[in-house]
Structures are given as structure tokens and as C-alpha cells.
Amino acid sequence: MKKQQFITFISAPLIILWIYAAGSKLWFYESFKIQLERQPLPGWSIPVLSWMLPLAELIAVVLLSFQKTLRKGLLLSFLLLFTFTVYVGLGLVHVFNKVPCSCGGILGKMGGESHFIFNICFTIVAFTGWRLTKANDEFFIKHKLHNT
Amino acid sequence: MRQRRLSRLLPVFAIAIGVALVAVTSAFKEQPKSRGGLTIYTFAYTGPDYTVANVENAANWTYTSMSPGCSGNQKACSLQATDDYVNTSGSSPVLKSNIDIQAVLTPATNTARVTSIADDNGSFSNQLN
């Protein structure tokens, strides 16, 4: 499989993940806000996060859907997943006095540890994709220079 | 050519699968049932503050389709009630006043926590302050 094809395939599960994550938040928006209010987060951040999180997830979908913006989409996916993973991880080691719940659809039924492993897997996928697109860009530049 | 077609079609398929997943897991989500076959509804406390009077007021509890994720025992968080204690005639289930929520103040945090509800098939969870 060519590297470019591999990167395209990597973006597919991330698109499914973000559509599902944003969709389940927006479908049950009131429940999502209630869950967010129970997180160990400062009060002022709740109204901002309640619309920023689904919006960022939908932006990631748009960026991942086009070849021109794929790299930015992979980077945004990596940053979001890395942040979520650190947050869940800190909850697991009891840094917060409240244990953060795993929000959103099927993920809500996962335990903290399963959610953490799930997030790590997707973080690695996003990071690998982002690194490969970087390498791919360099390959294309070298190839272009060689032909001219 | 093949690569270009793949890069155009794959995101469309991925979006379609994502939307279908949301629809299947959300729209057709069945309400959980108790052992006796009664439907269980989950409500989260959304009152203005954690006074005993507000926690005991059924109107301050909002129906939620997701688990609010409660842990601890300092202030009210969520409760589960069955058919006889829930009004389902509106667009969203509403807790009836016969649920008779009893709460006490947690002195250390000055917040009220639930101690009992009238529904024998129901349950409640408090949380840390």
C-alpha cells in the first residue's frame, strides 16, 4: 500500500470518531451540558466548552475530508486526543477529587481505563498520520526538485 | 486517478458511517428497564444551589439520557425513577412530586445530599463538592 493511500485510510477512522463524538454531544446537548458541569473544570469554562468541543470536532472532520487540509486535520485530531487522554489519565491517577466521566454515546459506557486505552490508540493513529504527511511532503518536494 | 477517487470517496463513506452510528446508538436507544420490567429514567440535579429545599424540589431535577457520572457523597447529583414517579406525556420526562426526595445538609461543605426517595425501584447518587 502506498504511503499516500495509507494516510487516507488513517483519516477514515478519525472522521468516524469525530462525527460520532460531535453527533452524540449535539443530539443530547442538554445531557452533555449536565455532564460537563459535573467535570472538575472551572465554572467559567463550561459554557465555552459546551459549544467549543463539538465545534472543534466538526472542524477536524472538515479538515480530514480534504487532501489539502488533511495534515491540519491530523494535527488537530492529535492535539484534541492528546488533551482528552491526559485529562482521562489525570482522573485515573486521582489528581482530581472528582473522577471525570467518559462522555458521549458508546464511550459513556466504557470504564475509565478502557477509555484511556481507546484514546491512546487513536492518539497514536493521529500522530502517525501527521508524521507521515510531513514525510510525504518532503518526499514530494524532493521528487519535484529531482525532476526539474 | 485511483488514488484521487479513493481520497474523495473515503471521507464521504466515513462521514456516512459516523452519522449512521450516531443515529443507531442515539435515536433507537431504548430506555433501560428495572427487574420488574418498569422503565428507568435518569434525572440530574440542575437546581440553582445546593440548599435542602432546592434539592428536595422535584422541579430542580432534569431528565438526562446520559449517565451524569456521579461519585462521592457531599451534594446531590442524580437519581433514577420508574414509571409511577415520572410524567412522560411531554416532550421530555419530568419527575413527579410524589418522588418525595429527602435531603440533609453536609456540614463540611454546606451542601445538601439526597438520603432517600419514595420510589423503591429507583436509586440516587450524590457527588463530591
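A residue is called buried when its relative accessible area is under 20%, exposed when it is over 50%, and partly exposed in between (1.4 Å probe, protein chains only). The model is predicted, so local features need pLDDT of at least 70 and side-chain atom pairs count only at pLDDT 80 or more, while totals for chains, interfaces and linings use all residues. Residues are numbered from 1 along each chain as its sequence is written, chains are lettered from A and ligands numbered from 1 in the order in which they are written, and side-chain values use heavy atoms, with hydrogens and water left out.

Chain A has five helices and zero strands. Helices (H or I, at least four residues) and strands (E, at least two) are DSSP runs, numbered from the N terminus. The order of elements in chain A is α-α-α-α-α. Of the 148 residues in chain A, 45% are buried. Contact means heavy atoms within 4.5 Å. Among contacts in chain A between residues at least 6 apart in sequence, those joining residues at least 24 apart make up 70%.

In α2(A), the buried residues are Ser31(A), Phe32(A), Ile34(A), Gln35(A) and Leu36(A). Their cover comes from both chains. It includes α1 and α3 of chain A, and also β1 (40-45) and β2 (61-63) of chain B.

A nonpolar core is a set of buried Ala, Val, Leu, Ile, Met, Phe, Trp, Tyr and Cys residues joined through side-chain atoms within 4.5 Å. The largest such core holds 24 residues. Leu14(A), Ile15(A), Trp18(A), Leu64(A), Leu74(A) and Leu81(A) have the most contacts inside it. At least two residues of this core come from each of α1 (3-27), α3 (45-64), α4 (70-92) and α5 (112-147) of chain A, and from α1 (2-27) of chain B. The most comes from α1(A), with nine residues.

Leu74(A) shows what surrounds one residue of the largest core. Leaving out residues up to four places away in sequence, Leu74(A) touches Ile7(A), Ile10(A), Leu14(A), Leu64(A), Ala126(A), Gly129(A), Trp130(A) and Thr133(A).

Between the chains, 28 residues of chain A are in contact with 33 residues of chain B. Buried area is the accessible area (1.4 Å probe) that two parts lose on being put together, summed over both. For chain A and chain B this area is about 2,700 Å², and carbon and sulfur atoms give 69% of it. The chains share zero salt bridges, each being a side-chain nitrogen of Lys or Arg within 4 Å of a carboxyl oxygen of Asp or Glu. On the side of chain A that touches chain B, α1 and α2 (29-37) of chain A are the elements that give two or more residues. The most comes from α1(A), with twelve residues. By class, this side has 14 nonpolar, eleven polar and three charged residues. Here Ala, Val, Leu, Ile, Met, Phe, Trp, Tyr, Cys and Pro count as nonpolar, Asp, Glu, Lys and Arg as charged, and the others, Gly among them, as polar.

Most residues other than glycine have a negative phi. Asp100(B) has a positive phi, near 45 degrees. Asp100(B) lies in the loop between β5 (94-95) and β6 (102-106) of chain B. Its relative accessible area is 42%, so Asp100(B) is partly exposed. Asn110(B) also has a positive phi, of about 55 degrees. Asn110(B) is in the loop between β6 and β7 (111-116) of chain B. Asn110(B) counts as exposed because its relative accessibility is 53%.
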